[in-house]
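Colleague: Hi! I've got a new model open on my screen and could use a guided tour. Can you walk me through it?

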Amino acid sequence: MSGLLLIVSLLYYNRTTSQVHQKISDLSTKNVSQTVGLFDLLYKGYDSLSKTLSNNFDLVRVLSETTDEPAIQYINERSITNIIGAVFYSRDDLIGIHVLTNKGNIYNYGNYFNIVDPDYQSQDWYQQLMQSSGRLMLLGVFPHSLIDQNESRPVFAFGRQIYNLDEHKPIGVVLYETDPQAILSALDNLKLSEHSQVYLISQDDRVIFSTDTSGNPAPKLSGLADSQDVAVRQDKQNLTVASRLPLSEWYVASVTPNRDLNVEMVQMQRYLLIVISILIIVSALIASMVSRTISQPIIRLIREMKQVEIGNFRGEVNVTSYMEINILVASFNRMVHRIEELIERVKLSSVSEKNAELQALQSQVNPHFLYNTLDMIYWMLDEKEEDDLGEVVLSLSHMFRYSSHWEAEAKVTLREELEQIQHYLNIIKMRLEGRLQVEVQIEERLLEIRLPKMTLQPVIENAVKYGLEALDRPGLLIVYTREQERTFEIIIQDNGKGMEPSTLERLSRSLNGQQEAESGTKGGIGLINLHRRLKNMFGADGGLHIQSIPGLGTTVIIRLPQPEEGGTSS
């Protein structure tokens with residue numbers, strides 16, 4: 001009964017609300033259409049006003065003239081001022097007219113104490129007028145003049161380019177600033193309530209004017225394709241009605257909160273809530289009497305479930321009640337028995353898995369067997385006087401011994417790292433057949449500096465593999481050190497292929513944690529892992545810094561901050 005009552009009430013309420021909202025939407029659509037028509041008239045008036053100067057042949061002729069005679073210049077300036085003044089006094093809503101020529105001349109009419117902005121040519125509005133190709137360009141509503149720094153009244157600005165029709169080339173622009181009250185009155189006609197907000201938005205969703213001072217984001221209206229369309233969109237919070245203004249690239253929109261639309265529905269909502277509450281209470285009393293025949297079996301079932309939660313799967317529930325309750329209890333008993341069987345199976349599987357792991361560990365090859373085998377191959381090659389191959393096998397043996405003895409956060413000396421790298425380079429030099437030259441320039445006193453194990457090899461391996469190996473000229477790899485304040489730096493520099501700027505940028509962003517490392521990035525994973533190890537051991541100042549120029553080579557700087565005097569290394 002309660003469910004049916006709720007459903008009927010909600011359907012009735014939603015239907016009534018939908019009808020009220022539809023009527024409000026229709027009213028809003030008419031308001032927007034009227035506002036669009038009013039804007040059409042205003043636009044045509046502004047277009048006609050702007051053409052009085054841009055199409056004035058006397059003004060264009062005087063602006064195009066070039067003379068060095070002061071008397072003629074004075075006469076021309078007086079003629080321009082008179083023409084602008086005649087247009088200025090033809091309308092009461094004009095605040096200022098500004099003619100700006102491409103030669104840098106400025107002619108103003110309006111405020112007698114005007115101060116022209118010296119940087120007006122770098123402003124967005126000036127660039128828009130210069131790119132308007134002679135069309136009327138509506139700039140919008142502004143709190144003060146765009147060019148006159150002494151004019152603090154709000155203005156509505158528009159303008160267009162002035163063309164020399166004989167040569168068909170632009171000679172300047174004219175900027176009009178009028179009283180914005182006509183625009184604001186047209187926008188105020190869109191408000192449906194005191195909380196409604198009105199927006200004037202450009203084609204790229206830039207807010208030209210808004211009555212909203214709360215900082216809420218303006219609606220996105222660039223999806224309107226046809227200038228005659230009136231879009232109505234209602235979501236959980238607002239009713240938005242918008243349309244594109246004819247003969248311009250602007251949209252006008254009205255956003256009204258739904259709470260203002262539902263004022264008439266409040267009393268109906270309260271009445272429905274009171275009736276529904278009374279009927280639910282009555283239904284609850286009736287249901288409580290019926291539920292007693294169901295609650296006791298359920299309580300027993302819950303009690304047994306709690307026993308299962310603590311691990312007791314031996315219990316069983318026996319009740320006699322409605323068919324649904326009996327089916328539920330039977331299913332519970334079967335589930336408990338099934339869980340007990342699965343637990344026993346898991347125990348057996350765990351024992352089998354442990355035995356398999358033990359057998360796998362016992363079958364692993366002893367690393368010493370590999371060491372001894374490599375040593376045996378070395379001595380066999382030595383007996384056959386295969387010195388080069390013997391050196392390769394011996395270097396490989398040393399590398400394997402060094403890398404296999406691994407401990408978390410292990411630190412070694414720079415001397416040990418260089419010895420390991422020397423074995424690696426011996427193998428590389430043999431493979432590259434003398435096309436690689438290596439220079440190590442490190443002072444003896446710095447060889448005892450401690451650093452993480454396997455620090456140099458990932459960097460040098462990347463330099464050889466991706467920078468030097470594919471060269472058609474001799475390659476050079478230089479390893480040297482330097483000290484800056486309390487930071488010890490190891491620099492690894494090559495004259496290889498280098499990296500493209502895009503590849504270097506992706507690698508740098510991965511090192512800084514700004515994006516995940518890409519699996520296809522050459523050498524990226526190894527360098528990122530090394531960078532993170534250095535960060536963990538030496539703090540934020542530690543890590544890698546990479547510089548690269550395509551075709552000239554790559555430089556990798558390994559930064560190892562040293563502890564201050566009296567401090568200890570991590």
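Modeller: Happy to! For the elements, helices (H or I, at least four residues) and strands (E, at least two) are DSSP runs, numbered from the N terminus. Please keep in mind that this is a predicted model.

Colleague: Noted. How many helices and strands are there in the protein?

Modeller: The protein has 14 helices and 17 strands.

Colleague: And what share of the residues count as buried?

Modeller: Of its 570 residues, 39% count as buried. As for contacts between residues at least 6 apart in sequence, 61% of them join residues at least 24 apart.

Colleague: Let's talk helix packing. How do the axes of H2 and H3 cross?

Modeller: Helix H2 covers residues 57–64, and its axis comes within 10 Å of the axis of H3, crossing at roughly 150 degrees. Angles over 145 degrees count as roughly antiparallel, so H2 is roughly antiparallel to H3. The crossing is left-handed.

Colleague: Which residues make that contact?

Modeller: On the H2 side they are Asp58, Leu59, Val62 and Leu63, and on the H3 side Asn76, Ile80 and Ile83. By class, the contact of H2 with H3 has 5 nonpolar residues, 1 polar and 1 charged.

Colleague: Nice. On to H11 and H12: are they roughly parallel or antiparallel?

Modeller: Helix H11 (residues 414–432) and helix H12 (residues 456–468) have axes that come within 10 Å and cross at roughly 30 degrees. An angle under 35 degrees counts as roughly parallel, so that is the word for H11 and H12. Their crossing is right-handed.

Colleague: Which residues of H11 and H12 meet there?

Modeller: From H11 you have Leu414, Glu417, Leu418, Gln420, Ile421, Tyr424, Leu425 and Ile428, and they meet Leu456, Gln457, Ile460, Glu461 and Val464 of H12. The contact of H11 with H12 divides into 9 nonpolar, 2 polar and 2 charged residues.

Colleague: Why is H12 described as largely enclosed by the rest of the structure?

Modeller: Because 10 of its 13 residues are buried. The buried residues of H12 include Pro458, Val459, Asn462, Ala463, Gly467 and Leu468.

Colleague: Time for a change of topic: aromatics. How many aromatic pairs are there?

Modeller: Counting rings whose centres lie within 6.5 Å, there are 9 aromatic pairs. Take Tyr89 and Tyr109: their ring centres are 5.8 Å apart and the planes stand at 85 degrees, so this pair is edge-to-face.

Colleague: Where do Tyr89 and Tyr109 lie?

Modeller: Tyr89 is in the loop between helix H3 (70–88) and strand E1 (94–101), whereas Tyr109 is in strand E2 (residues 106–109), so the pair ties together parts that are 20 residues apart in sequence. Tyr89 itself is exposed, with a relative accessible area of 53%.

Colleague: And what about Tyr120 and Tyr126, how far apart are their ring centres?

Modeller: Those centres are 5.4 Å apart, with the planes at 85 degrees, so the pair is edge-to-face. Tyr120 counts as buried at 5% relative accessibility, and Tyr126 counts as buried at 6%.

Colleague: Which residues form an aromatic cluster?

Modeller: Tyr46, Phe156, Phe158 and Tyr176 form one.

Colleague: Great, thanks for the tour!

Methods. Residues numbered from 1 in each chain as written. Predicted model: local features only at pLDDT ≥ 70, side-chain atom pairs only at ≥ 80, totals over all residues. Heavy atoms only, no water. Phe/Tyr/Trp six-rings, centres within 6.5 Å; stacked < 30°, edge-to-face > 60°. Buried < 20%, exposed > 50% of the residue type's maximum accessible area, 1.4 Å probe, protein only. Axes fitted to C-alpha atoms, helices over the stretch in contact; angles between N-to-C directions. Parallel < 35°, antiparallel > 145°, perpendicular 65-115°, else oblique. Left-handed = near helix turned anticlockwise from the far one by under 90°. Contact = heavy atoms within 4.5 Å. Nonpolar A, V, L, I, M, F, W, Y, C, P; charged D, E, K, R; others polar.
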